[in-house]
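I opened a notebook page for this chain. The entries below follow the order in which I looked things up.

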Amino acid sequence: MKKKILGLMAFSLAALASCGSEPVDSNSSQAGHSSGTSLSDGDSKLVINNPSKDKLAVGETLQLSVQADPDIDVLLLKWVSSDPSVAFVDDEGLVKAASKGTALITVSSDEFISQPISINVDVTPVTSLIVQNEPSLIGVGETIRLETSVLPTEANQGVEITSSSQAIEVNSSEKTLKAIKHTDEEVTIKVFASKDFSKHEEFKVKVKPLNETEKIRISFETGSYAPKESLEVTKGSSLESISYDPFSNIEDKNSVSDVVFFGFYFDEKFVTPVTFPLTSTYSDLTLYAKFVDLKASGNGYDWNYEDNGDGSVKVSSLNTYSSTSVLTNLSVGIPAYHEGKEVTSFKKITTNDFVNSITSFALPNTIKTLPANGIQYWKNLEYLYIPSDTPLASIPEYGISSLSKLKSLFLPDTITEISKYALNGNKSLANIHLPRSLETVGEYAFGQCESLEELDFKSVKTIDQFAFCDMAKLKYVNLPENLEKLSGVFPFQKSTENIIRFTVSPNNKFYSSDDFGSLYNKDKTMLIVYANGKGGTNAYIPNTVQTIYDQAFGYSELEVIKIPSSVTTLEYAPFYNMPNLKAVFVPKSVVKIKYNAFSLCDFEKLVVYTEWDENQLPSDWSSTWNYNSNNDQMEKTKFNTIYGFDSSRFVF
């Protein structure tokens with residue numbers, strides 16, 4: 001009789017529905033059927049083809065195929081393992097080796113069951129790890145790919161790479177080192193066996209230093225206003241700011257009334273403004289100061305003012321005179337003086353066609369306060385000039401927000417607070433200078449700053465809940481000695497997917513980080529955020545950790561997590577939305593799990609292994625600990641769970 005050959009295939013939804021059924025452990029009758037006929041290979045209607053091998057290392061996969069008679073509906077075939085804790089088989093016949101032992105694999109239809117085939121799984125320990133090309137020097141911008149060997153090859157392990165400094169970025173998946181900035185320190189690189197971290201090699205790397213003897217000169221053209229002395233800096237270095245008071249040499253401030261200073265530009269036509277940090281220091285530069293006198297005709301706008309009663313004035317409203325035909329690429333600014341009086345504040349500037357045509361906006365160095373919602377929803381603003389000597393103390397609620405084209409922002413070293421929602425919605429903001437004076441960051445302050453890759457805090461003390469929500473490209477977070485409080489509700493929600501490294505000052509009394517870049521409390525008993533963006537498939541959790549915090553691994557692309565026996569508590573959804581997660585081991589030390597620990601993971605892919613027996617789970621485990629969340633049919637989103645599983649067998 002002619003047979004069908006069935007290899008890797010997509011089964012119907014009816015077949016896939018079996019993935020959501022109650023998981024079966026090794027003592028169940030998973031391999032048995034209430035009806036059916038066992039047939040010999042010589043006269044079989046359902047036969048598993050001889051596999052390419054019958055012995056697998058832990059973590060290996062093997063695709064099985066089957067021969068079936070034409071009268072068998074192949075869409076309804078069911079693959080079964082006698083012991084899923086040893087070898088798990090999915091609905092398409094893909095076997096995943098899970099732990100040492102032997103499992104029998106069968107496939108069945110409503111009427112027939114195949115003869116079983118035996119799959120033997122072994123654990124091969126790592127005996128050595130070798131890095132063939134340990135570099136000692138690397139240049140800024142240079143990428144080096146490491147050549148590594150984990151022996152024996154049967155151990156089936158890759159490598160996980162760490163760096164002791166943010167100056168050298170590592171990618172474990174690509175096995176690369178990349179110097180992204182200069183540092184004088186010697187950087188320690190560690191290379192681990194990726195699954196069990198049982199072996200590692202380490203070496204030191206120096207980033208090639210800048211040549212201190214090579215200097216470049218930065219000169220300034222300021223016209224008739226206060227001169228600015230030239231600077232001499234090391235070639236290739238960065239410049240954080242340029243301090244300059246354009247009216248310091250003018251005694252009669254009436255003479256500079258309504259004059260706006262827009263900062264420095266790279267060109268005489270004032271097309272490209274200087275933003276900080278200034279990194280274009282490879283040849284001599286001349287920077288040009290831009291001034292506009294609003295008393296001259298043709299500017300298209302001026303301001304109305306109110307007296308503050310203390311010898312200063314505030315801007316009360318904007319007057320515009322431009323026709324619709326010229327509303328493009330406007331440069332608009334507030335002067336430092338009006339009628340000889342300092343301009344110290346302004347009211348919210350309501351958006352209109354004129355405001356939405358502003359691409360450059362300048363504040364004076366006399367401004368002391370910004371209004372809430374002051375600079376918000378300006379559709380085309382690309383450049384905002386805030387002088388480094390401006391006496392601003394706070395960015396208020398929505399103060400500089402929802403500016404979709406703003407790419408760079410310098411905040412002066414006088415600001416102590418970035419209030420809630422202050423910078424929210426600046427989706428193109430890619431560079432920001434965070435002031436050394438900053439102490440407080442409010443909730444959602446950086447929310448939806450989708451292009452920012454680095455947050456370098458130098459003195460912050462308090463960070464409120466959701467402060468860094470929805471920052472999709474965030475890679476690096478530097479936290480200072482001063483930090484005392486990360487608010488209770490997850491400050492990095494929806495922002496951890498690409499974080500490569502948290503760096504916490506070793507002198508901080510409340511928080512710490514490790515070479516893997518993860519964020520902990522000071523004594524590393526709580527894992528707060530795992531550094532998900534550095535690549536790799538297996539998580540590293542030190543055996544000091546007792547609590548894994550809310551969404552600690554959220555949005556990670558990790559595949560395997562082995563929770564150490566030091567852990568006692570899993571807070572809310574620590575493994576939230578991990579699409580690649582395949583295996584998690586929960587030891588008997590874990591006595592408390594909040595609900596939906598694996599919320600929004602792939603319930604067809606994930607298998608949870610625990611040392612606890614199913615009928616002896618601790619009372620502090622939520623009844624939905626291994627369920628998906630927010631689903632009307634919860635029984636169809638319960639993750640496959642293997643109970644009574646020994647820790648020594650979990651090596652993926």
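**Contacts of one threonine**

I began with Thr547, which touches Thr525, Met526, Leu527, Thr569 and Glu571, leaving aside residues up to four places away in sequence; contact means heavy atoms within 4.5 Å. The model is predicted, so I kept to its limits: local features need pLDDT of at least 70, side-chain atom pairs count only at pLDDT 80 or more, and totals for chains, interfaces and linings use all residues. Residues are numbered from 1 along each chain as its sequence is written, and side-chain values use heavy atoms, with hydrogens and water left out.

I placed Thr547 in strand β48 (residues 547-548). Helices (H or I, at least four residues) and strands (E, at least two) are DSSP runs, numbered from the N terminus. Thr547 has a relative accessible area of 14% and is therefore buried; buried means under 20%, exposed over 50%, partly exposed in between, with a 1.4 Å probe and protein chains only.

**Whole chain**

The C-alpha trace spans about 105 × 55 × 50 Å along its principal axes. Of the 652 residues, 52% count as buried. I also checked contacts between residues at least 6 apart in sequence, and 53% of these join residues at least 24 apart.

**Nonpolar cores**

I next looked up nonpolar cores, meaning sets of buried Ala, Val, Leu, Ile, Met, Phe, Trp, Tyr and Cys residues joined through side-chain atoms within 4.5 Å. The largest has 99 residues, and Phe361, Phe446 and Phe492 touch the most other members. Strand β24 (residues 259-265) gives the largest share of this core, six residues. Apart from this core lies another, of 31 residues, among them Val567, Val590, Val608 and Trp625.

For Phe492 I noted contacts with Phe468, Leu474, Val477, Leu486, Ile499, Phe502, Leu519 and Val529, again not counting residues up to four places away in sequence.

**Cysteines**

How many disulfides does the chain have? I took a disulfide as a pair of cysteine sulfur atoms within 2.5 Å, and the count comes to zero. For Cys449 the closest cysteine sulfur is in Cys469, 11 Å away, so the pair is too far apart for a bond. Cys449 is buried, with a relative accessible area of 0%. Cys601 is buried as well, at 5%.
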